[in-house]
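Reader: Hi! Could you walk me through this one? I'd like to start with the core.
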Amino acid sequence: MPASPWPTSTPRPLPRAPTRSKIPADQRRSPLRTCVGCRKVRPQDELVRVARTGDGSLAVGRTLPGRGAWLCRGSSSCLDLAGGRGGFARSFRAPVSASALAELRSAMAADQQS
Ligand SMILES: [Zn+2]
């Protein structure tokens, strides 16, 4: 009967703290949205919501009523794509005027500065 290589008095290792499974940052449960300009799917945090108000103008805000479209935050090129290729019109199911687009552009520019 060979002697055990380990003394029986070896203290048991301390129980390890339960390791909480780490979720990678890109898989956190942030809702995904599609940019109506570049059509990329991104976390909602990286996009801004554009809503078409009753009078046909566009406004930026997540809580605005009505149909919404999402655009990459601070991306004027996505705004161009959305306005120029029917992205907005398709999302809102209504035409979007050039003046509404211009207003939205300045609103988004102001949003970036804050
Ligand atoms: Zn985009």
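Author: Happy to. A nonpolar core here is a set of buried Ala, Val, Leu, Ile, Met, Phe, Trp, Tyr and Cys residues joined through C-beta atoms within 7 Å. Buried means 20 or more other C-beta atoms within 10 Å of a residue's own, exposed means 12 or fewer, and partly exposed is in between, with C-beta atoms placed from the backbone. This is a predicted model: local features need pLDDT of at least 70, side-chain atom pairs count only at pLDDT 80 or more, and totals for chains, interfaces and linings use all residues. Residues are numbered from 1 along each chain as its sequence is written.

Reader: Thanks! How many residues does the largest nonpolar core have?
Author: That core has 19 residues, and C35, V36, A69, L71, C78 and A82 have the most contacts inside it. Strand 3 (47-52), strand 5 (68-72), helix 1 (76-84) and helix 3 (98-113) each give it two or more residues. Helices (H or I, at least four residues) and strands (E, at least two) are DSSP runs numbered from the N terminus.

Reader: What does A82 touch?
Author: Leaving out residues up to four places away in sequence, A82 touches V36, G37, A69, L71, G87 and F88. Contact means C-beta atoms, placed from the backbone, within 7 Å.

Reader: And which residues are buried in helix 1?
Author: C78, L79, L81, A82 and G83 are. After helix 1 comes G86, with a positive phi near 80 degrees.

Reader: Switching to the sheet, what is the strand order?
Author: The open sheet has three strands in the order 4-3-5, with antiparallel pairing. Pairing needs at least two DSSP bridges between two strands. Strand 4 (58-60) and strand 5 are at the edges with a single partner strand each, so one side of each has no neighbour in the sheet.

Reader: How many bridges join strand 3 and strand 4?
Author: Three, in the antiparallel sense. R52 has L58 in strand 4 as its bridge partner.

Technical notes: Contact = placed C-beta atoms within 7 Å.
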